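Dear colleague,

I am passing on the structure we discussed, and below it you will find what came out of going through it. Please read the notes with the sequence and the coordinates open beside them.

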Amino acid sequence: MKNFLRIFLITSLVFGLSVKSNSAEKIEYLTTDWSFKGLFGKFDRGALQRGYQVYTEVCSSCHSMKYLSYRNLAEKGGPEFSIAEAKAIAASFEVTDGPNDDGEMFTRPGKLSDKFVMPYDNVKAAQAANGGAYPPDMSVLVKARGGGVDYIYSLLQGYEDPPIGMSLDDGVYYNKYMYGNKIKMANQLSDGLVEYGDGTSASVEQMSKDVTTFLMWAAEPHLESRHQMGFKAIVYLIILTILVYFSMKKIWSRIETEV
Amino acid sequence: MSDHEYTPKSKFGKWFNDRLPLLTLASHLTDYPTPKNLNYWWTFGGILTFCLITQIVTGLVLAMHYIAHADMAFDSVEHIMRNVNYGWLIRYIHANGASMFFLAVYIHIFRSLFYGSYKSPREIIWIIGIIIYLLMMAAAFLGYVLPWGQMSFWGATVITNLFSAIPLVGEGIVTWLWGGYSVDNPTLTRFFTLHYLIPFLILGLVVLHIWALHVPGNNNPVGIDIKKPSKDTVPFHPYIVIKDGFALLMFMIVFAFFVFYTPNILGHADNYIEANPLVTPAHIVPEWYLLPFYAILRSVPDKLLGVVAMLSAILILAALPWLDTSKIRSAVFRPLYRQFYWILVADVLILGYVGAMPAEGLYLLVARVATAYYFLHFLVVLPILGYKEKTLPVPLSITEPVLGGSPNLALAKNKENFKD
């Protein structure tokens with residue numbers, strides 16, 4: 001048993017090292033009390049719904065979310081809009097469909113099964129409209145950045161005047177959390193930019209938190225069931241381990257050697 | 001194995017067993033005499049078998065949903081994560097399973113190094129093990145390419161480019177590997193095919209590995225030959241089965257923690273960005289389990305020599321049974337070797353650390369020293385140590401240290417540390 005603890009310690013040390021080495025250049029990001037962290041972490045429904053609002057009214061004019069469908073908005077573990085609300089949201093978008101029997105493409109109101117409508121027809125069009133920079137797809141953005149949610153949350157609030165002596169080209173902005181501090185996205189959020197239906201005051205901080213929560217859900221739509229299943233699985237394993245431990249002791253007691 | 005007599009009780013059993021001795025095999029496996037002083041470091045063989053089967057089963061399911069095409073691979077992985085029932089679970093088990101597999105194999109290898117399990121008469125077990133380890137690295141590398149993220153693409157580019165270091169034919173080999181003039185769709189499809197093939201090769205080699213093990217039987221912490229069966233041994237079932245089972249469950253708790261609570265911590269964020277041949281990531285780093293070799297590769301200024309050094313670092317292990325000249329197996333009775341062993345462990349950990357860092361300045365210097373020491377350990381320290389080292393007296397049987405019958409005080413003290 002003593003040996004086993006030693007194995008445990010050494011392996012956790014090795015992992016600690018390798019994990020630490022992965023995040024080599026650390027900048028202190030802003031953070032907040034994310035409801036989805038921890039063993040029982042869940043999304044805050046209100047934050048997800050507000051975050052969706054910020055995404056649609058602000059981000060979605062440039063950033064696509066190509067892996068999400070409108071049906072996801074009504075699914076368990078997500079913003080959990082009612083089916084009727086999700087249908088209404090979908091119907092508010094024009095979706096290109098076809099070709100029809102005449103061989104023509106046509107537009108129709110969106111359905112639950114449709115993917116989120118893309119702001120641009122293709123990457124080139126997106127680049128042309130944004131000074132050569134492609135606004136990244138936001139479906140897995142949180143997982144695609146080293147700092148995760150804290151990074152996105154900080155970036156949205158990280159716009160400042162550039163330090164003296166730093167000259168910025170047209171269409172380039174200073175952001176203290178961006179890699180290299182130069183970003184082609186202008187500051188998007190300002191206090192009161194959106195009007196929340198639930199009366200929450202739309203400060204920059206609040207909107208950053210809400211939209212980041214929404215992006216986290218978009219990247220990990222099954223996070224809640226993962227946490228719930230994980231807890232059950234680990235409790236089950238621990239109980240089984242204890243039972244097997246005592247069975248082992250009993251079996252080995254037939255011979256004089258210790259296990 | 002040959003000394004095993006077994007006659008099935010039932011008439012049908014006897015008829016069947018005379019034609020295909022499966023029952024004899026099953027009886028051999030359950031009765032297999034195992035040293036009773038095996039400690040928990042010996043449970044990783046069973047854990048590794050579990051890892052292999054987990055990877056094969058989850059991999060099969062993933063392959064049903066995955067699309068090996070440069071334009072669709074990334075999308076299909078997201079499809080698995082979002083729309084396939086429990087697809088996220090299967091994929092996270094598979095992705096973290098690779099890390100767990102390597103964690104277990106490194107413990108298994110270093111256990112072997114400590115207790116001299118590679119020495120006569122177990123050289124063939126050891127060499128098969130090294131081949132399995134090489135195939136594991138190949139499988140892991142190929143698998144990491146399949147999601148077709150940025151690290152997949154650039155990792156594949158860097159590693160395949162290593163072959164261009166071969167004089168004259170290098171460039172040709174790289175083009176042949178790629179199936180074109182850059183890493184692209186033909187590369188992805190062949191990587192997928194090979195990634196699917198290799199685990200079954202490993203499975204076959206694991207059977208040989210265990211077969212070869214069952215000829216001389218297990219080594220043990222004392223490292224002496226034992227009579228089997230005798231009072232020094234216990235039958236594999238139920239004694240070792242339950243002990244391996246207990247250790248496996250502990251391992252699964254760690255595994256589950258990674259899968260359910262930090263599924264992406266061992267991966268690189270850049271791999272959630274779809275592969276883009278026009279944008280090179282700031283740092284191209286392999287998965288953690290390949291970092292020590294990556295450090296060796298980068299510590300040599302010449303490309304060809306770097307590749308040679310990296311390959312030698314692995315292949316040198318195959319020569320280990322002959323490089324280690326000591327007749328004593330277990331480090332318990334080799335006071336000097338024991339110290340060098342821990343220096344080697346530290347050396348490999350340091351190599352892993354600098355492998356993740358940019359190859360410049362102090363990091364590069366440390367990597368070079370650590371690389372030099374790695375080879376020094378195998379090529380100089382081990383051969384000399386066998387002649388120079390004053391080893392401790394070895395007990396005659398494993399029951400002797402267990403019962404505390406040794407007259408040697410120092411030995412009795414050591415025994416306290418390694419009894420478990």
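A:His227 is buried, its relative accessible area being 5%, where buried stands for under 20%, exposed for over 50% and partly exposed for anything in between, with a 1.4 Å probe and protein chains only. The residue belongs to helix α7 of chain A, residues 223-252; helices (H or I, at least four residues) and strands (E, at least two) are DSSP runs numbered from the N terminus. Leaving aside residues up to four places away in sequence, A:His227 is in contact with A:Phe36, A:Gly38, A:Leu39, A:Phe40 and A:Gly41, and also with B:Phe260 and B:Tyr261, a contact being heavy atoms within 4.5 Å.

Please keep in mind that this is a predicted model, in which local features need pLDDT of at least 70 and side-chain atom pairs count only at pLDDT 80 or more, while totals for chains, interfaces and linings use all residues. Residues are numbered from 1 along each chain as its sequence is written, chains are lettered from A and ligands numbered from 1 in the order in which they are written, and side-chain values use heavy atoms, with hydrogens and water left out.

Chain A as a whole has 7 helices and 4 strands, which follow one another from the N terminus as α-α-α-β-β-α-α-β-β-α-α. Of its 259 residues, 40% are buried, and among the contacts in chain A with a separation of 6 or more, 59% join residues 24 or more positions apart.

As to cysteines, the structure holds 0 disulfides over all chains, a disulfide being a pair of cysteine sulfur atoms within 2.5 Å. For A:Cys62, the closest cysteine sulfur is that of A:Cys59, and at 9.2 Å it is too far for a bond. A:Cys59 is buried at 15% relative accessibility, whereas A:Cys62, at 25%, is partly exposed.

In chain B, helix α5 (residues 87-115) packs against helix α14 (residues 335-355) at an angle of about 160°, with the axes 10 Å apart; axes are lines fitted to C-alpha atoms, for helices over the stretch in contact, and angles run from 0 to 180 degrees between N-to-C directions. The two helices are therefore roughly antiparallel, a term for angles over 145 degrees. On the α5(B) side the contact is made by B:Phe110, B:Arg111, B:Leu113 and B:Phe114, which meet residues of α14(B) including B:Tyr337, B:Arg338 and B:Trp342.

How values were computed:
Angles under 35 degrees count as roughly parallel, over 145 as roughly antiparallel, 65 to 115 as roughly perpendicular and the rest as oblique.
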